Amino acid sequence: MNLFGSKSISIQQLLKQSGIESPNKDDVADFVLMNKEQIKKLWKDFIQKESPQKENIVEEVSTTDVGTKVKTVYHDLTLDNGQVNKKYETKVELPDDDIESVELQENKEFNELRFDTETQKIIGIPQTEGDKEVILEYVIRKQLKLKLYINDDPRSLWKDIPSKQENKPDNECAVSQQEDITVFSASRRGRSHAQKGTPRDDHFLTDCFNGWTIAVVADGMGSAVQSNLGSRVVCESIVHNIKYNLELNEDELISLVEAESFEDQEIKGKLYDILVKSAHSAYVEMTKVAQNRQLKVSDLSTTLSVVIMKQLQDKKFVGSFQVGDGVIAAYKPEEVTLLCKIDRGEYKGQTLPLNGRDVFISRDALIERLFFNTISNETVVVLMTDGIIDPYFDNDDEKLKDKDEWKQLWDEIEVALSKNKPEEEMLEWLNFYKEGEHDDRTITIIQ
Amino acid sequence: MTRKLPVYIMVDTSGSMSGEPIQSVNNGVKMLIRSLRKNPQALETVKLGFIEYNSTAKETETLKDLPQVKEPVFTASGGTCLGAGLDLLATCLKRDVVTGDTKNEVKGDWKPLVFHLTDGYPNDNWEDALARFDRKSVNFILSCGVPGSDRSVLEKVSGGTDKVLELESATEAELSEYFEWVTASITMATNSVATAENDEVITPGSLPPFKPTVTANEELF
């Protein structure tokens, strides 16, 4: 019995079946040669008539008690007939080669037959008369050999190659306290620099003067070859200049702030003399440094965010100035106020540097870069570079103005600052991972 | 969403490339993928696609993020239908490169880099295909000629004399050096992504030199 039902028939029988007079035995070969096409057609018809039709093979998928899927193929094939009380024995040719563990499926009504693997025979002594169904169950073992590649975690591939920059650690923290104001700064070299062993382009500096807190953050632009120098020059220069200009203007500024009513423009006028003039002097210092080193000033390109703050009787005064894509913000729970205008370029990493075109051309435009506010004692002021802002706020200015986003940020910072070693904790926090965001990160917190 | 840098490798797989050259290309490409996979910046930034052309053109591997890229296997036979290759490249660029939307301030992928390798003179209407090709859809096509190629064709395809490279032979050593150079160029391009000031992260002029020339020993002269 062959489950595939291959058939054979002699040419003479074939012709006879089709009602054609068959030639003599000796002439068959010649006859076939001469009537090739006709015989082909007869053979096709015969096969179609005799072979099991496709629709007689039914496939059914069911699930066993243990959850294995079983595909049952019903062949419309009939085994040799048997007889009650007489030994039955018939060989079955199985359709696949790599078959394992063939079993005759148990059947309550008809259980006298079994399958003998060695001889591939169905054997037994039938006890009852009638049409029976026999199901042979077997397992086919198949193997699929597949290839795959596992990518490394990009986080583990980043190298941390120390830069050879003197006087500038790759990561840096500073804490200072004056009266009731604490300033905490942390700056971390971006992974893209660490990977190449190049120095950190961000810089920060804080200082105190006559009860004023001065905080500066500068982000040297990646496209400028010596921007790490530029950011440092600007920080050092502007702090120096602000002290000088505060000396000249602070009394007038404070009396304006403390007056019962004041004009914004008057205060901005004073801030102009303190902050903008100092920023301009810092820019002039940049050009000098560039000249001395036979560089273009654009080789030192850097942004600038600067804040001055003073504790007044029951509140704090804060004034700020910014060129570039950093952020200065005042935050207390449920309220965030941006104290800056953000210069965004058309492309990521592109912004307006302090030495950018037309920065120091229009007094009105410069005044628009000045912000001030009197804030409650529990309000904190935060300065950050785009290395933090872009990944943290998803490059989304709406999120940057959202108090809930800021709450999350502040909660994380508070946790880090409350630890035993806040410097280490903050540097670790600055290392948060976001794909494609590997810039230097600097934060200064004034509270 | 992070902007990606699409890179296409377009290879002439005509019959003349069979044997050592195509075997070397396969090895070179394998080396390129394995080496880029070790670079975290590339792993996050690069999208890689492979196109080949002989009597027709086909996408050996569709443009995919580097972690998903499978090593292609090129086989060489047939003609040199560069035109078909260019047309297919244009189709792939249009379909697979994410374009920005200036209205909604959404920035698409960086302009794609195309590294093209050939050893023969094209035998289809490649000039028509080149005329159809929108050169602004890519940062650059850099053509590399193996002996047998025609420099003037390469210059036309690349759109400049400075975007053509000629190998001395189609040997394993030479092609392996070429793919090392392509790897270094892609690496350099991914490093420039952070400081890019427009859609093109790198210019052909700032790519690393191919086979840096040995400087003369001054003391000898």
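Modeller: Gladly. This is a predicted model. A:Lys268 lies over the face of A:Phe371, 5.8 Å from the ring centre.

Colleague: Which ring does the charged end of A:Arg441 sit over?

Modeller: The charged end of A:Arg441 is 4.1 Å from the ring centre. A charge counts as sitting over a ring within 6 Å of that centre, if it is also within 35 degrees of the ring normal. The ring belongs to A:Phe432.

Colleague: Are the rings of A:Tyr331 and A:Trp406 stacked or edge-to-face?

Modeller: Their centres are 6.2 Å apart, and their planes make an angle of 25°. Planes under 30 degrees apart count as stacked. So the pair of A:Tyr331 and A:Trp406 is stacked.

Colleague: How many residues apart are these two in the chain?

Modeller: A:Tyr331 is in strand 14 of chain A, and A:Trp406 is in helix 11 of chain A. The pair links distant parts of the chain. The separation is 75 residues.

Colleague: Is A:Trp406 buried or exposed?

Modeller: Buried means under 20% relative accessible area. A:Tyr331 is buried, at 3%. A:Trp406 has a relative accessible area of 1%, so A:Trp406 is buried.

Colleague: Are helix 6 and helix 7 of chain A roughly parallel or antiparallel?

Modeller: The axes come within 8 Å and cross at roughly 160°. Angles over 145 degrees count as roughly antiparallel. Helix 6 and helix 7 of chain A are therefore roughly antiparallel.

Colleague: How many nonpolar residues does that contact have?

Modeller: The contact of helix 6 with helix 7 of chain A also has six polar and six charged residues. The nonpolar residues number 17.

Definitions and conventions
Residues are numbered from 1 along each chain as its sequence is written. Chains are lettered from A and ligands numbered from 1 in the order in which they are written. This is a predicted model: local features need pLDDT of at least 70, side-chain atom pairs count only at pLDDT 80 or more; totals for chains, interfaces and linings use all residues. Side-chain values use heavy atoms; hydrogens and water are left out. Axes are lines fitted to C-alpha atoms, for helices over the stretch in contact, and angles run from 0 to 180 degrees between N-to-C directions. Helices (H or I, at least four residues) and strands (E, at least two) are DSSP runs, numbered from the N terminus. Angles under 35 degrees count as roughly parallel, over 145 as roughly antiparallel, 65 to 115 as roughly perpendicular and the rest as oblique. Ala, Val, Leu, Ile, Met, Phe, Trp, Tyr, Cys and Pro count as nonpolar, Asp, Glu, Lys and Arg as charged, and the others, Gly among them, as polar. Rings of Phe, Tyr and Trp (its six-membered ring) pair if their centres lie within 6.5 Å; planes under 30 degrees apart count as stacked, over 60 as edge-to-face and the rest as tilted. Buried means under 20% relative accessible area, exposed over 50%, partly exposed in between (1.4 Å probe, protein chains only).
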